[in-house]
Amino acid sequence: MAAQGTEIIAELLQQIQSLDSPEGQTAAALHSLSSLTKVSSHNRKHVAAAPGAVPLLLSLISAATPSSTHTQTLSLSLSILFNLSLNTNLKLSLAQTPNLITLLNSILLSSKPPHAAKLAASLLCSLAMLDKNKAPLGVAGTVEVIVEALRCSTNVSSSSPANHHLLSALAELLHFHGNCTLAVRAGVVPLLVGNLESPPEELAGSFTVLGLLARFDEGIEAIMAVDGVVSLMVDGLRKGCTVSRESAAEILIKLFEESGECLKEAALNHDEWSSLLADLSVRGSARAREKAAVLMRMMMENDLDGYLDMEGNYMD
């Protein structure tokens, strides 16, 4: 069976590579190869090992034009490469393939169809899941490219279909400190803060990335420099989804550690602050409850008695 699968893959690759194959036959072969690599790690291994297979897919991506046929070729080629990247032992070799990262970066900044941008971002995210790839991707300029792609898509539509995939890729890259520095310098913090007025279901990605940035000095300093950031984080506790509330709570902890004024602002300027923490500690996820406990402890350890009125409420 394994030998038969290898023969089928070799035949499909030959059809794709043949200059005599009609466009429809090439598309059909790509579709079959995409299906085979989607369902089987063994098929992914065989395709990756086939001589010239990955460079062939890159050449098809590079040659794609806006025509409907070539758009299909582009999407299918990217899908196959994404499927290959699902094998952990292929992530490093794929990332080291000449011109692959440069090509994916260019797709994110080009006028290629949105579906192609989604697939390129998903492939970058998959490659970034391997720690060894995080620094090389940063060196290749992928962090700045993602920030610029987010900026461009936000100018067009805050609900761009590629945004979720771009933010997921950026989140993976930000686990490496050097990439955090690159993102901050590229202006990602004000860009993401500007998106916090989006509907609650669209906030999770922005809050997640901000939460990762807050773990490093450059990130928390940039977040603290945003006007009204405490109020934005409190809003995240109030209206965000589970992921948004977790990240908002984590960012507030970092803000309070850096500045007692931020803690005071949360307590004095938001009537619902205590009830938000109580709700988070009871109805939040396990991680959110843990963060709520830290926030409550920080409130108790800071002397705010001078800001209480006769009824025990915080006042200016």
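# Terms and values in a predicted helical model

Q: Why is leucine 56 called buried?
A: Leucine 56 has a relative accessibility of 12%. Buried means under 20% relative accessible area, exposed means over 50%, and partly exposed lies in between (1.4 Å probe, protein chains only). Leucine 56 therefore counts as buried.

Q: What kind of model do these values come from?
A: This is a predicted model, in which local features need pLDDT of at least 70 and side-chain atom pairs count only at pLDDT 80 or more, while totals for chains, interfaces and linings use all residues. Residues are numbered from 1 along each chain as its sequence is written, and side-chain values use heavy atoms, with hydrogens and water left out.

Q: Where is leucine 56 placed, and what does leucine 56 touch?
A: Leucine 56 lies in helix 4, residues 53-63. Helices (H or I, at least four residues) and strands (E, at least two) are DSSP runs, numbered from the N terminus. With residues up to four places away in sequence left out, leucine 56 touches Leu13, Ile16 and Gln17, where contact means heavy atoms within 4.5 Å.

Q: What makes asparagine 43 a buried residue?
A: The relative accessible area of asparagine 43 is 14%, so this residue is buried. Asparagine 43 belongs to helix 3, residues 41-49. Its contacts, apart from residues up to four places away in sequence, are Ile9, Leu36 and Thr37.

Q: Why is asparagine 99 called exposed?
A: Asparagine 99 reaches 59% relative accessibility and therefore counts as exposed. This residue sits in the loop between helix 6 (88-95) and helix 7. Asparagine 99 also has a positive phi of about 75°, although it is not a glycine.

Q: How do you know that helix 14 is mostly covered?
A: Eight of the ten residues of helix 14 (residues 204-213) are buried. These are Ala204, Ser206, Phe207, Val209, Leu210, Gly211, Leu212 and Leu213. Among the elements that cover them are helix 11 (163-173), helix 12 (177-185), helix 15 (217-224) and helix 17 (242-258).

Q: Why are helix 7 and helix 8 called oblique to each other?
A: The axes of helix 7 (residues 100-109) and helix 8 cross at roughly 140° and come within 9 Å. Axes are lines fitted to C-alpha atoms, for helices over the stretch in contact, and angles run from 0 to 180 degrees between N-to-C directions. Angles under 35 degrees count as roughly parallel, over 145 as roughly antiparallel, 65 to 115 as roughly perpendicular and the rest as oblique. Helix 7 and helix 8 are therefore oblique.

Q: Which kinds of residue make up the contact of helix 7 with helix 8?
A: The contact includes Leu100, Asn105 and Leu108 of helix 7 and Ala117, Ala121 and Leu124 of helix 8. Its residues divide into twelve nonpolar, one polar and no charged. Ala, Val, Leu, Ile, Met, Phe, Trp, Tyr, Cys and Pro count as nonpolar, Asp, Glu, Lys and Arg as charged, and the others, Gly among them, as polar.

Q: Why is the pair formed by helix 16 and helix 19 called oblique?
A: The axes of helix 16 and helix 19 (residues 273-283) come within 10 Å and cross at roughly 45°. Helix 16 and helix 19 are therefore oblique to each other. Val234, Leu237 and Arg238 of helix 16 meet Trp273, Leu276 and Leu280 of helix 19. In this contact of helix 16 with helix 19, five residues are nonpolar, none is polar and one is charged.

Q: What makes up the largest nonpolar core?
A: The largest nonpolar core has 101 residues. Such a core is a set of buried Ala, Val, Leu, Ile, Met, Phe, Trp, Tyr and Cys residues joined through side-chain atoms within 4.5 Å. Leu81, Leu108, Met233, Leu255, Phe256 and Trp273 have the most contacts inside it. Helix 8 (residues 114-128) gives the most to this core, with ten residues. Leucine 108 touches, among others, Ala120, Val145, Ile146 and Leu166.

Q: How many helices and strands does the protein chain have?
A: The chain has 20 helices and zero strands. Of its 316 residues, 49% count as buried.
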